Amino acid sequence: MKRKVLGVLICVLTLSLKGNAQETKPLLLEDVYKDNVFKQKGFGPVRWMKDNKGYSTLENNTELGGKDIVRYEAKTGKRSVIISAEKLVPTGETKPLVIYDYDWSADNSKLLVFTNTKKVWRYNTRGDYWVLDLKTNTLSQLGASLPESTLMFAKFSPDASKMAYVSELNIFVEDLGDHSINQITKDGGDNIINGTFDWVYEEELSCRDGFRWSPDGENIAYWQSDTKEVGTFYMINNLDSIYSKPIPLPYPKVGTELSAVKVGVVPSKGGETKWFDIPGDPKNNYLARMDFIPNSQEVMVQQLNRRQNTNKIWIGDINSMALDNILVETDDAFLDVHDDIRWLENEKYFTWSSERDGWFHLFKVSRDGKAVTPITKGEFDVVHINCIDPKGGYVYYIASPDNFTQRYLYRSRIDGKGDAERITPVSNSGQNSYQISADAKWGIQTSQNATTPTRYDLVSLPKHKQIRVLEDNHILQKQYDDLGLNPKEFVKVDIGEDVLDAWMIKPIDFDPNKKYPLLFYVYGEPAGSTVQDSWGGGSLWDQYMAQQGYIVMSVDNRGTKTPRGNKWRKSIYGQIGILAVEDQSKAALKIIDTYKFIDSERVGIWGWSGGGQMTLGCMFKHPEIYKSGLAVSFVSDQRLYDATYQERYMGLLEDNAKGYHDGSPINFAQNLEGNLMIIHGTADDNVHYQSYEMLVDRLIKHNKMFNMMSYPMRAHAIYERENTSYHLRETMEVYWKKNLPAGGK
């Protein structure tokens, strides 16, 4: 349900910025969905080199095709080709490898290339790997005797003499000298998963790469999942054969069995696996994180209980297999898993993220867990840790104490002394992120806001001096500016219980003396936020609808993922589909009362995924406000969604049956009065088509008229196969123009 799709589309008749009439060719749907006219340029992927004085990136090789790997000196900008594309041409081939991703060995002597990739669930994590030895200029394919495009998560050993990877649910180790391959797990297959994860661990806990090299390279610790007791959901492929084909998907729904997961250690040369006996039922706890402590024979494991309100931190000795519970983190509602652990002072301390003081902050914890002291402090949330620099004595992080829609770089002393120091200049208004060198002297800044596409700059830290522009997307900026659109207006909406952030887009020819239809875009779940001062593709679908004659708005209700503290985020606990619907409806009434140019008889709402659920909830519970709605890829009954996500935010079904009932829009379908359209992909592995069909059945039962559109063998984002995105947006436009008449009156 977290996956949201932001559409991009515009159509314009604009006035020039100087006010002179200027005719422009209307932009058609196919300009975006077929021809990609408004394409944004990226930069990278960048890898800071071992010496922290330069970085590598990919650049086109115009003669041979493919990519060169190029190094730039941070201080001078001097360019040198480290690896030309011709060195990445396999024997017997004429073209270089297509680089999907790349990585360096710790000493920068070898390059790992990931290519020929295939999707596993949501991401391209399976494919082929090649290693280029820079000392010998030898290019070798890993796992050459294994089936094509089956390798996952290849990683160098600490001394770069070996590689480990997963293939067909087992772990292999390959010697980079003679390329001998040793299969070190043998039981993977069917319901046993070694070194990677099932669907729900990937989707909800961001677990994909499921093994770790020990610091000395002698052992590998890994996760094993047993999906035997997990219920199987079947999707049906009716397109690619004259007979339908079922697609089985082990998927734990609310209240059902989870995978049984454990962590073991096996010698990298092969042998028996030893398993940690972590207390608790493995089918009712999550082993959400595991990694080796540097320079040790110990692993740190984070164990979340099923309710996800308790996180137990274990230290496990891989020789004795003894376990020590050093820390327990609890919350009255739910805990998120964070990846901000950095070992300090010869592994005597580690950094730890927590909301224990009501805000999300970084702490310094002793190895035995007994001493916990704050590093960052104040009434603000740390959004993301960018760099922990023990030598310099600072942690660099993203925060935004004064504007929850924006993001800036700050730093605080690791010893906890002094106040937070803002690093990003005031001139960089909007959202900023950074890829910082390990010594914290350089950063690649990514900056953007609602009217400015992504810009990449190299800056020196901590003074944030701009060294050079890496990509400014000036062509896209001019294309956008030439449209003469009304920018998003960021506004506040006071609903009594709290003041909510919102944005509004008006038509180009807006006349405040007329009444316009109001179209809300909603998400409302704790996994995301819609009201952010970021580029977001230019919000061109929203802009397009505004140009058709709609006031387009979005409001972040309480509980959405914004840096407003623990109280804000946890307010939604046990109330998914309840609190958001009430906040959205109160905000709608306040907006209608505040802005006299809004026609209260023409109010619509739409959303995707969690936003589709909120759309249905608003339509069914407040038909007096919302006259038309469009729900895409939605959950109609929360019991149908995956256990890990839904139970995190709603509690267990046995403890909150009423909340599950009241938060599920299907139970209020009988209240539908306005116009409704529902859209779903039949191959949605995230929010199953079952949710759509059950709502259809309920609406029919209550004799409710509605529109519906199914996209066969399309997944949650509904973009696969030819012409899908274009057709989807045209379908949405036709619905809105028919059921929520556009234009000022």
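**Aromatic pairs, helix packing and a buried serine**

Over residues 543-739 of this predicted model, the chain is 41% helix and 17% strand, and its end C-alpha atoms lie 19 Å apart. An unreviewed UniProt entry assigns residues 543-739 to the feature "domain: Peptidase S9 prolyl oligopeptidase catalytic".

Helix α4 (residues 540-547) packs with helix α11 (residues 724-739) at an angle of about 35°, and the two axes are 12 Å apart. The crossing in which α4 passes α11 is right-handed. On the α4 side, the contact is made by Trp541, Tyr544 and Met545; on the α11 side, Arg729, Met732, Glu733, Trp736 and Lys737 take part.

Aromatic rings come next. A search of the whole structure returns 30 aromatic pairs. In one of them, the ring centres of tryptophan 199 and tyrosine 251 are 4.8 Å apart with the planes at 40°; the pair is therefore tilted, since this class lies between the limits of 30 and 60 degrees. This pair connects distant parts of the chain, 52 residues apart: tryptophan 199 belongs to helix α2 (residues 199-205), while tyrosine 251 sits in the loop between β17 (245-250) and β18 (260-267). Both tryptophan 199 and tyrosine 251 are buried.

Helix α2 contributes to another pair as well, through tyrosine 201. Tyrosine 201 and tyrosine 286 are also tilted, at 6.0 Å from centre to centre and with 55° between the planes. Here the partners are 85 residues apart, and tyrosine 286 lies in strand β20 (residues 285-292). Tyrosine 201 and tyrosine 286 are both buried. Elsewhere, ring pairs join Phe43, Trp48, Tyr55, Tyr72 and Tyr456 into a cluster.

Charged side chains meet ring faces too. Arginine 564 lies over the face of tryptophan 568, 3.9 Å from the ring centre. Lysine 570 is placed over the face of phenylalanine 334, at 4.7 Å from the centre of that ring.

Finally, serine 268 is worth a visit. Serine 268 is located in the loop between β18 and β19 (274-275). With a relative accessible area of 8%, serine 268 counts as buried, because the cut-off is under 20%. Apart from neighbours within four places in sequence, the residues in contact with serine 268 are Val173, Asn182, Ile184, Trp213, Gly217, Glu218, Asn219 and Ile220. The strand β18 thus gives a handy landmark for the viewer, because tyrosine 251 is in the loop between β17 and β18 and serine 268 is in the loop between β18 and β19.

How values were computed
Residues are numbered from 1 along each chain as its sequence is written. This is a predicted model: local features need pLDDT of at least 70, side-chain atom pairs count only at pLDDT 80 or more; totals for chains, interfaces and linings use all residues. Side-chain values use heavy atoms; hydrogens and water are left out. Rings of Phe, Tyr and Trp (its six-membered ring) pair if their centres lie within 6.5 Å; planes under 30 degrees apart count as stacked, over 60 as edge-to-face and the rest as tilted. Helices (H or I, at least four residues) and strands (E, at least two) are DSSP runs, numbered from the N terminus. Buried means under 20% relative accessible area, exposed over 50%, partly exposed in between (1.4 Å probe, protein chains only). A charge sits over a ring if NZ of Lys or CZ of Arg is within 6 Å of the ring centre and within 35 degrees of the ring normal. UniProt positions are given in the numbering used here, feature names are shortened, and annotations may be inferred rather than shown by experiment. Axes are lines fitted to C-alpha atoms, for helices over the stretch in contact, and angles run from 0 to 180 degrees between N-to-C directions. A crossing is left-handed if the near helix is turned anticlockwise from the far one by less than a right angle, and right-handed if clockwise. Contact means heavy atoms within 4.5 Å.
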